[in-house]
Amino acid sequence: MEGFVHEEATQRTPKAGVKLTSSQMESEQENVTEFEDNEAMFGFQDSDDENLGFTINSDGELEDEGLEFNPKSNMKKPEFKLKQKFATVQVLRDALREHAIQGGWEYIFIKNDKTRLRVVCKEENCPFFLFASKMQHESTLMIKGYDGTHKCTRKFNNSMVKLRYLTAKFKDQIVVNESVKPESLAKTMSSTIRARVSNSMAYKAKRQALLEYEGSIQEQYARLCDYGRELQRVDPATSIDIKCSFPKGSKRPVFKRMYICLGALKNGFKDGCRFVIGLDGAHLKGPFGGQLLIAVAIDANNTSWVVAYAMVELETKDAWIWFLELLVKDLDIEHEGRGWVFISDKQKGLIPTFEEVVPRAHIRFCVRHMWTNFTKHFPGKVMKDQMWACAKATTLPYFQKEMNEMKSLDNDAYKWMTAPERPAIHWCRAFFNTDVDCDIMINNICESFNAWILDARGKPHVTMFKELRVKLMRQIAVRKEKMEGHHGNIFPKPRAIIETNKEKAAVDCIATFNGEDIAEVDNIEGSKNVVNLAMRTCTCRRWELTEIPCKHAISAIYMKREDPDDYVAACYLKKTYMSIYSNLVQPVNSMDLWFRGEDPPILPPPPPPIYKPTWKTKNKKIQACFRKGDRWWC
């Protein structure tokens with residue numbers, strides 16, 4: 001085969017008819033044995049390898065280049081040799097520190113500058129030393145003197161263990177497990193490097209590692225516009241709005257607010273969520289403070305679906321108007337909010353915001369927050385149960401009955417619940433509209449989300465936004481995969497309501513039809529309700545509020561020998577759920593891969609003022625006291 005030469009072919013054969021003498025044959029044999037290949041036949045050579053292993057001198061001859069120290073591969077177990085080269089003096093310092101800690105030794109740097117490095121062992125009578133200096137015409141350092149012999153014992157309290165070393169060595173582990181406690185981290189560090197690490201040093205190393213991973217806060221604010229462009233690059237339907245201010249004397253923008261509505265969340269809401277939006281705000285625990293505003297909807301399984309979130313300076317009327325106007329635009333809310341429901345816990349500035357942005361929307365107050373304030377004035381389980389009975393009443397006659405019962409229990413409680421600032425139209429089901437197929441009266445969809453992101457709220461703002469997006473991306477993917485294998489056309493939470501109503505219908509209700517689709521249902525306690533299967537209504541109003549058949553409706557449906565599942569609204573079906581969760585949040589590159597725009601860097605906002613009580617307010621109780629004899633009386 002061409003290109004392949006057999007080993008024996010390297011020996012030159014004499015021409016025909018020519019005889020070689022014994023001396024000539026010995027010369028030919030020497031030529032064969034002295035041949036050496038100039039390349040190694042075995043071993044690995046990387047395509048990125050930059051080291052030739054030799055140099056060519058002025059005479060054209062090959063000279064050994066010496067051993068170069070590679071920080072990426074050699075730093076794990078550093079070894080030193082004469083004529084070994086280091087790119088910078090810092091690389092050599094790091095290698096010496098790693099070498100000392102692994103061996104349990106302590107070094108003293110006698111000479112330590114940019115051109116020279118002389119190191120000896122801290123233990124007396126130990127022969128170890130290393131000397132390296134800068135090469136001529138180069139910035140490279142070369143080891144010119146070295147004795148690696150040690151005659152000292154391992155030091156557990158090693159002074160070579162520094163904060164910078166621990167941060168660099170354990171950064172990846174800390175980033176993966178951010179919730180690790182300093183005590184546990186100190187034990188892990190000590191067992192790994194076989195040297196003592198205090199809890200305080202472990203805490204500082206963790207804080208520094210997380211700060212390096214998250215980037216400086218100033219850098220994160222400066223890259224906010226780039227982050228917004230990256231979100232829109234992976235999902236063009238994403239809406240981003242950044243609002244800045246220009247203080248007097250400043251030419252650079254100062255951050256004020258940022259609004260994010262991911263395209264997947266927006267489209268998922270439009271593909272099947274009901275027109276019910278929960279609004280809430282939460283404090284941010286970072287050094288610059290601020291508030292996180294969120295908007296959460298309800299999916300086909302009666303679980304939360306986040307729509308949008310924003311970071312603002314304070315929870316004010318102006319901030320809520322700005323947030324709600326952007327939300328209205330993204331969700332295509334028309335006719336001043338007619339047919340929509342917004343639920344909140346009476347956040348600051350929200351009530352006037354609703355009146356200005358969506359005046360025709362129905363507003364609901366969170367009854368749990370209302371009960372929290374109620375129980376401060378009227379404690380006790382009897383008062384609590386009666387307040388909830390008033391809120392859960394689905395018809396006006398039952399509402400009046402429960403309110404009269406409250407009045408008989410405590411007239412002041414009755415006055416509190418009928419105060420002008422809390423009209424019943426906002427918290428009682430008897431006044432809820434039936435257009436949105438939802439009867440929720442507590443804002444737990446927002447409260448659960450705020451608790452879910454509690455750790456993220458204490459991080460720098462870009463990091464917080466990234467964690468929110470990743471959490472939502474995982475949540476949507478997990479729910480989608482889980483429900484794809486669900487058997488049945490109705491999902492677990494609506495199914496649980498139907499099964500409960502079936503049990504109540506079998507025990508409490510007897511239906512009598514009029515010959516068409518209208519039935520009179522007798523309840524075991526003596527009351528009666530009228531059910532219209534054609535119109536899908538019941539005089540108890542539960543069917544209209546949720547579009548899930550109530551116990552009276554199920555009793556009538558069974559009387560017709562039909563399936564209650566056929567009377568469930570489309571918003572609870574599997575096809576609706578899968579349509580919502582087919583909108584997936586897209587992955588995003590890290591900050592170092594974002595495109596840098598020409599926008600001026602955004603400055604972080606000023607930190608919030610720190611309240612420092614004066615001596616008068618701090619010692620108000622002491623100043624209210626007076627002295628009588630040798631004692632103080634208050």
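**Entry 1: a hairpin**

I began with strands E15 (residues 509-513) and E16 (residues 518-523), which pair in the antiparallel sense over five bridges. For my notes, helices (H or I, at least four residues) and strands (E, at least two) are DSSP runs numbered from the N terminus, and two strands pair if DSSP finds at least two bridges between them. I looked up alanine 511 and found its bridge partner in E16 to be valine 521. Four residues lie between the strands of this hairpin, and glycine 515 takes a positive phi near 105° there.

A reminder to myself: this is a predicted model, in which local features need pLDDT of at least 70 and side-chain atom pairs count only at pLDDT 80 or more, while totals for chains, interfaces and linings use all residues. Residues are numbered from 1 along each chain as its sequence is written, and side-chain values use heavy atoms, with hydrogens and water left out.

**Entry 2: the whole chain**

I noted 23 helices and 20 strands in the chain. Of its 634 residues, 44% are buried, where buried means under 20% relative accessible area, exposed over 50% and partly exposed in between (1.4 Å probe, protein chains only). The accessible surface of the chain comes to about 36,900 Å², and carbon and sulfur atoms hold 52% of that; the areas come from the Shrake-Rupley method with a 1.4 Å probe, and for residues only the protein chains shown count as cover. I also checked contacts (heavy atoms within 4.5 Å). Among those between residues at least 6 apart in sequence, 60% join residues at least 24 apart.

**Entry 3: the cores**

Next I looked for nonpolar cores, meaning sets of buried Ala, Val, Leu, Ile, Met, Phe, Trp, Tyr and Cys residues joined through side-chain atoms within 4.5 Å. Which residues touch the most other members of the largest one? In this core of 81 residues they are Ile277, Leu279, Tyr309, Leu327 and Phe342. Helix H10 (residues 317-330) gives the largest share of this core, nine residues. A second, separate core has 40 residues, including Leu185, Met189, Val197 and Ala205.

I then followed isoleucine 277: beyond its neighbours within four places in sequence, its contacts include Phe269, Leu327, Trp340 and Phe342. Serine 344, in strand E13 (residues 341-344), is buried, with a relative accessible area of 0%. Leaving aside neighbours within four places in sequence, serine 344 is in contact with residues including Leu279, Arg364, Cys366 and Asn443.

**Entry 4: rings**

I found 23 aromatic pairs in the structure. Rings of Phe, Tyr and Trp (its six-membered ring) pair if their centres lie within 6.5 Å; planes under 30 degrees apart count as stacked, over 60 as edge-to-face and the rest as tilted. The planes of phenylalanine 80 and phenylalanine 86 meet at 40°, with ring centres 6.3 Å apart, so this pair is tilted. Both residues are buried. Phenylalanine 491 and tyrosine 577 form a tilted pair too, 4.4 Å centre to centre with 40° between the planes. This pair links distant parts of the chain, 86 residues apart: phenylalanine 491 is in the loop between helix H17 (461-484) and helix H18 (492-508), and tyrosine 577 is in helix H21 (residues 574-580). Phenylalanine 491 is buried at 0% relative accessible area, and tyrosine 577 is buried at 1%.

My last look was at charges over rings (NZ of Lys or CZ of Arg within 6 Å of the ring centre and within 35 degrees of the ring normal). Arginine 422 lies over the face of tryptophan 416, 3.7 Å from the ring centre. Lysine 560 has its charged end over the ring of phenylalanine 513, 5.4 Å from the centre.
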